[in-house]
Amino acid sequence: MQSLPSAVALLTAVMFALHIGCTEAAKLKDSCSTCRQITDNFSKVRTAKKNFGGGNTAWEERKLSKYETSEIRLVEILENVCDSSSFECNQMVEEHEEQFETWWFKRKTKHPDLFKWFCVDSIKVCCPKGTFGPDCNACLGGSERPCHGNGACDGDGTRDGHGQCSCNHGYEGEFCLDCIAGFYNEERNDTHSVCTECHDSCKTCTGSTNRECSDCKPGWEKDQEGACNDVDECSGESPPCKEDQYCLNTEGSYSCKACDKPCLGCRGAGPDHCLACADGYRDEEGVCADMNECELAEPACPGEHRECVNMTGSFRCICASGFQDQGGVCVEAAALGSKLPEEREDL
């Protein structure tokens with residue numbers, strides 16, 4: 001039996017190897033991204049020609065032609081392909097300056113694609129599109145249409161990754177040819193698949209209409225003809241909402257909305273849908289309207305020198321002008337030797 005120290009040492013070595021492997025893979029991926037950036041910028045900078053601005057056009061064209069293929073022009077381009085703050089970019093250009101010179105003077109006519117010549121074939125940090133990994137193997141589904149056009153190949157175009165597919169929404173399976181629940185195959189063969197979303201009512205389906213549902217989603221049910229139709233949860237004998245709410249049916253579901261303030265229970269929005277009127281309101285031809293308590297036969301604010309002020313759904317009592325509240329009694333302010341307030345609320 002292996003001793004505990006030996007087992008720990010072995011586990012540590014394995015974890016270290018995995019860490020190194022992951023780190024190297026990340027470096028390869030970053031290196032490819034940097035290399036692609038360099039070659040993209042190389043093309044952009046290279047097309048920005050100098051303006052000689054003289055009068056002899058033929059002379060200018062000869063001079064410009066020589067300049068465009070000169071070492072001076074190459075140096076200018078290489079000085080401008082990286083941002084000054086990008087250490088990785090500048091380091092790669094510096095390390096491989098000889099390769100750029102080789103391509104510039106000897107290879108660019110035969111190999112005009114700098115990315116392929118430099119990043120893929122020379123320093124081998126990238127792969128052609130549709131391939132992955134150290135040996136640039138074809139992605140699942142083939143390099144022409146990785147994942148059959150329905151997903152992304154892990155490591156595509158880099159020396160990294162495992163080549164497996166991350167399927168687009170609606171697709172699943174190793175090759176992204178199958179449809180997830182809620183989608184159906186509109187077209188399908190061994191190399192091509194088009195997944196289309198089912199009707200809103202379908203959990204699974206074989207076609208695009210509510211008559212082609214294999215199973216209905218919650219909130220829908222099949223009728224006698226086999227079509228999935230919305231269930232009206234609000235029409236039952238026991239509505240699912242609270243007493244101060246009304247039920248609003250929606251496609252496949254429902255929502256509970258608060259009744260208007262004048263209502264004591266309701267069947268819809270607005271004061272004309274109240275089941276009963278709340279305190280401070282009364283029914284006026286089917287609409288719960290504010291009750292003016294100040295106009296009732298029985299005084300709402302009993303006591304001398306008190307006045308009633310109506311409010312929406314309520315009222316308040318104040319002391320008349322020239323009087324001040326003292327313990328619930330309106331007393332003449334002058335008698336108290338105080339400044340006369342315009343209004344005093346009965347507390």
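Visitor: What is the handedness of the crossing of H5 and H6?
Guide: The crossing of H5 and H6 is right-handed, that is, the near helix is turned clockwise from the far one by less than a right angle. The model is predicted, local features need pLDDT of at least 70, side-chain atom pairs count only at pLDDT 80 or more, and totals for chains, interfaces and linings use all residues. Residues are numbered from 1 along each chain, and side-chain values use heavy atoms, without hydrogens and water.

Visitor: At what angle do H5 and H6 pack?
Guide: H5 and helix H6 (residues 114–122) pack at about 140 degrees, and their axes are 11 Å apart. Axes are lines fitted to C-alpha atoms, for helices over the stretch in contact, with angles from 0 to 180 degrees between N-to-C directions. Helices are DSSP runs (H or I, at least four residues), numbered from the N terminus.

Visitor: Which residues make the contact?
Guide: Gln99, Phe100, Thr102, Trp103 and Arg107 of H5 touch Leu114, Trp117 and Phe118 of H6, where contact means heavy atoms within 4.5 Å. By class, five are nonpolar, two polar and one charged.

Visitor: And how do the axes of H3 and H5 cross?
Guide: Helix H3 (residues 71–80) and helix H5 (residues 97–107) have axes that come within 11 Å and cross at roughly 135 degrees. The crossing of H3 and H5 is right-handed.

Visitor: Which residues of H3 and H5 are in contact there?
Guide: Glu71, Arg73, Leu74, Ile77 and Leu78 of H3 meet Glu97, Phe100, Glu101, Trp104 and Phe105 of H5. Six of these residues are nonpolar, none polar and four charged.

Visitor: What about H4 and H5, how far apart are their axes?
Guide: The axes of helix H4 (residues 87–95) and H5 are 4 Å apart, at an angle of about 65 degrees. Val93, Glu94 and Glu95 in H4 meet Glu97, Gln99 and Phe100 in H5.

Conventions:
Helix = DSSP H or I, 4+ residues; strand = E, 2+ residues; numbered from the N terminus. Nonpolar A, V, L, I, M, F, W, Y, C, P; charged D, E, K, R; others polar.
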